[in-house]
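Please keep the sequence and the model open while reading.

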Amino acid sequence: MTLKNYKQKKDFNVIGTNPIRHDGYDKVTGRAIYGADVKLPNLIWGEVVRSTIAHGKIKSIDVSKAEKMEGVFAVITHKDFEKNNKDNNVNLARDMQNILAKDKVLYKGHAIAAVSARDRNTAKEACNLIKVEYEELQPVSNVSEAIETNAPILIEDLVGDHLGKAVNKTNIAKQIRHQLGDTNEGFKHSDLIIEKEFDLEMVHQGYIEPHNATAHWDENDHLSLWSSTQGSFAVRDLTAGFVGLNESQVTTYPVEIGGGFGGKTKVYLPPLAALLSKKSGFRPVKMIMDRVSVFLASGPAPGGKVRVKLGVTKEGKFTAGIVDLKFEAGAFPGSSIAAGATCCLACYNIPNVQIDAFDVVVNKPKTAAYRAPGSPQVSFAVESVIDDICEKMDWDKIDFRLNNASKEGTRRADGVQFNKIGFIETLEAAKSSDHWKSPLMKNNQNKVYGRGIACGFWMNGGGKSTVDLMLHDDGNIALNEGSADIGGTRTSIAMQVAETLGVSAERIQPSIPNTDSIGFTGTTGGSRTTYATGLAGLEAADKLIIEMKKRAGIYWNIEETDIKFSEGNIYSTKDPELKLSIKELAAVIGETGGPISSTSSVNLPGGGNGFGIGISDIQIDTLTGKTDVVRYTAIQDVGKAIYPQYVESQIAGGAVQGIGWALNEEYYMNDMGIMTNSSFLDYRMPTSLDLPNIEVIIVEVPNPQHPYGVRGVGEVPIIPPLATLANAIKDAIGTRIYSTPMNPGKILEVLSSG
Amino acid sequence: MAKVFLPFQLKEITENKDFIEVKGKTLREVINNLDNMYPGLKDHLVEEGKIKSGLSAICGFAATRKGLLQELEEDTEVHFLPAISGG
């Protein structure tokens with residue numbers, strides 16, 4: 001046991017309420033400042049030249065006409081990275097080639113050069129004057145093509161790591177394996193074995209706000225950055241590395257974020273804007289991606305192939321499981337295979353398991369995280385096979401899962417044992433839900449109905465976070481936190497501090513300062529922030545209480561040991577007359593030693609494991625093949641819901657994204673390896689008109705590693721919908737669809753084949 | 001004794017044992033003792049005095065953030081796994 005287990009608080013005053021969110025008025029009135037709103041004196045614009053082909057060698061780049069164009073300040077290519085980054089940081093070398101191609105382009109939209117000019121149109125015109133000559137190569141569009149014996153090799157100097165063996169001339173960047181028990185032996189003792197293969201297409205997070213960056217490299221070689229990001233410190237550190245500066249030479253200023261979902265954990269524009277600023281006489285440069293570029297050149301979630309083989313006894317117990325997952329890394333290595341491998345069978349206690357995971361480069365944009373990266377894809381496959389097992393054996397779909405559910409002490413396929421988790425409680429909540437107990441609508445005319453259920457797991461993160469607190473003279477408390485607020489974390493952290501200090505949430509005033517004004521804080525992602533930054537807030541509040549007690553001792557001239565703090569009041573244990581509220585103390589602290597402030601930095605392990613379940617009722621129009629979700633319920637163990645409305649919104653939002661992934665969304669590629677639906681008109685994400693109200697059931701099995709029980713919310717809800725809908729479609733039409741998206745075309749194909 | 005579970009690709013070095021029992025009060029001590037038992041193994045786990053980039057050390061139920069300084073209680077399980085990042 002190396003984790004700290006806290007005594008759990010059970011009675012709350014602030015936690016579990018829904019106060020007006022601190023950023024609410026600014027967001028509603030439009031006052032909130034986003035990256036595109038940033039304006040600086042002498043601001044100029046940057047634009048990017050992008051590859052028009054999916055795969056090719058760059059024979060030449062002629063920038064001469066662009067450089068001579070009136071209004072143009074600078075043109076940069078990959079050579080400018082090499083000039084600035086003299087240390088040639090090998091860890092960043094591949095990322096640098098993604099940000100600006102070196103000698104090959106590896107996907108349509110791959111950035112090749114960037115231009116700064118007096119305005120955006122001039123920059124765009126200058127981009128049109130840059131001539132790139134290619135030697136076009138055959139594109140590799142998916143994992144099947146990539147692993148063929150004679151497949152074109154994308155990255156000539158890539159040395160694949162195949163279970164520890166170095167392999168040259170390969171598109172498989174990495175293979176990892178988890179093995180528990182003996183699968184051969186396990187399958188021998190199975191009464192039923194089902195093995196199926198599933199295909200998934202690449203999908204995008206679809207955040208509304210496109211990537212943007214404003215950079216000002218000044219005469220002192222100090223770089224100031226504004227960028228829509230999930231992690232100001234990551235932008236600072238990565239940009240510094242790319243452009244050859246030290247971290248202390250870069251300051252990232254916070255701006256609001258219009259959606260990220262994992263896609264804004266990567267850096268694309270800030271290094272370009274930085275180099276352009278430097279090369280443009282230290283003028284600030286602003287860059288904003290257009291929507292097409294967001295689709296073509298930012299990081300989507302990987303598609304790929306997942307093969308699943310599961311065995312069970314007739315008594316309803318798993319005997320063995322094999323999962324083989326191959327994810328598209330995109331143009332450079334680094335897809336979410338490790339998470340996919342960890343998550344794929346984590347919901348269940350399976351004694352014999354083997355998981356092989358392959359990271360495969362293809363001619364598509366380099367993938368990024370997307371809510372529970374890797375888990376929706378594997379859940380789609382595993383939960384579909386489980387559904388088939390239950391149908392074949394005529395088992396209740398929740399009872400079978402309950403009979404095999406992971407609990408404290410269960411060993412995941414990667415060998416790690418769970419601590420206290422709430423999967424069984426989540427299954428029980430699903431079983432007793434109104435949705436599960438309600439009858440499904442009856443088929444009529446050309447409308448058929450189906451119900452599906454599926455589960456998902458994400459391990460939830462920890463990591464580094466910092467929170468500072470300052471007691472104002474009026475008794476309110478300023479809170480600075482280093483986490484980007486992408487899901488309401490300013491309020492959820494403020495509420496945890498308020499609970500600890502015994503004051504209302506409104507009296508905590510949260511803000512996010514620049515990276516020079518708060519301690520290092522990791523990227524907001526992996527459902528880590530309410531847990532880790534929240535715990536930093538709790539610790540800072542505890543320190544504030546200690547200091548307030550000390551000051552009260554000075555003020556009353558009594559021993560500190562005779563002072564207690566409770567529910568926002570400081571009082572003497574010996575003299576009932578001596579009692580001060582925080583507000584009253586704040587008014588007199590000046591004479592006791594000046595202002596009171598506190599800070600806390602943490603670096604926490606993860607382990608707040610989260611489980612979720614989706615139940616869906618769908619209606620299929622057998623004439624058009626269109627699927628409508630008529631009812632969807634998401635059930636999730638969140639540990640403790642700090643701000644229940646936020647939690648419900650996060651869960652509903654994740655479910656909606658998962659529904660879009662399941663039914664409609666895909667990178668539709670043509671024979672030339674080019675995405676042909678790179679706009680929101682053609683890339684069909686669900687809107688509110690497409691969906692019913694998402695019903696949310698919050699389960700609260702406290703995480704012992706947090707005094708209020710927080711686990712995390714944002715990742716899990718996107719996992720179940722893919723398989724939930726696959727199972728509902730199977731229930732409706734009697735045939736399983738083994739690939740995403742399960743769109744009307746595929747359904748009509750199934751219906752027409754009989 | 002800590003119970004050390006190695007990634008699949010390193011199990012060959014340890015004669016395909018499911019886990020190895022190793023003495024040590026910190027992760028550093030455990031890895032050094034492991035290297036004494038299986039010379040060269042440390043190079044697969046540690047780089048420039050830190051847990052190798054791309055690897056994660058799970059001590060007990062969750063990934064340690066203390067690196068080689070992580071204190072270990074008796075019978076703690078240590079798993080070396082590919083590092084995971086989230087969305």
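**Interface.** In chain B, 26 residues are in contact with 38 residues of chain A; contact requires C-beta atoms, placed from the backbone, within 7 Å. Three strands of chain B each supply at least two residues of the side that touches chain A: E5 (55-59), E6 (62-63) and E7 (77-82). E7(B) gives the most, with four residues. By type, the residues on this side of chain B are 13 nonpolar, nine polar and four charged. Here Ala, Val, Leu, Ile, Met, Phe, Trp, Tyr, Cys and Pro count as nonpolar, Asp, Glu, Lys and Arg as charged, and the others, Gly among them, as polar. Helices (H or I, at least four residues) and strands (E, at least two) are DSSP runs, numbered from the N terminus.

The model is predicted: local features need pLDDT of at least 70, side-chain atom pairs count only at pLDDT 80 or more, and totals for chains, interfaces and linings use all residues. Residues are numbered from 1 along each chain as its sequence is written, while chains are lettered from A and ligands numbered from 1 in the order in which they are written.

**Sheet in chain A.** Seven strands form an open sheet in the order E8-E7-E9-E17-E16-E15-E10 (chain A), with mixed pairing. Strands pair if DSSP finds at least two bridges between them. E8 (165-167) and E10 (192-200) of chain A each have a single partner strand, so one side of each lacks a neighbour in the sheet. Neighbouring strands are turned by 15° against each other on average, direction ignored. Inside the sheet, E16 (residues 318-330) and E17 (residues 353-361) of chain A pair in the parallel sense over nine bridges. Val323(A) has Ile355(A) in E17(A) as its bridge partner. Helix H12 (residues 375-393) of chain A lies across E10, E15 (304-312) and E16 of chain A, at about 145° to E10(A). Axes are lines fitted to C-alpha atoms, for helices over the stretch in contact; angles run from 0 to 180 degrees between N-to-C directions.

H16 (residues 489-501) and H17 (residues 529-556) of chain A pack at about 35°, with axes 8 Å apart. Their contact involves six nonpolar, nine polar and one charged residue. Val497(A) is one of the H16(A) residues there.

Val497(A) also belongs to the largest nonpolar core, of 243 residues. Such a core is a set of buried Ala, Val, Leu, Ile, Met, Phe, Trp, Tyr and Cys residues joined through C-beta atoms within 7 Å. Val323(A) and Ile729(A) are also among the residues that touch the most other members. H17(A) contributes the largest share, eleven residues. Beyond four places in sequence, Ile729(A) touches residues including Ile618(A), Ile620(A) and Met742(A).

**Backbone exceptions.** Most residues other than glycine have a negative phi, and most peptide bonds are trans.

| Residue | Phi |
|---|---|
| Asn460(A) | positive, about 60° |
| Ser527(A) | positive, about 55° |

Asn460(A) sits in the loop between E18 (447-458) and E19 (463-471) of chain A. Ser527(A) is in the loop between E21 (508-511) and H17 of chain A. Asn460(A) is buried, with 29 other C-beta atoms within 10 Å. Ser527(A) is also buried, with 29 C-beta neighbours inside 10 Å. Buried means 20 or more other C-beta atoms within 10 Å, exposed 12 or fewer, and partly exposed in between, with C-beta atoms placed from the backbone.

A cis peptide bond joins Thr740(A) and Pro741(A), with omega about -5°. Pro741(A) lies in the loop between H21 (720-733) and H22 (744-752) of chain A.

Definitions and conventions. Two residues are in contact if their C-beta atoms, placed from the backbone, lie within 7 Å.
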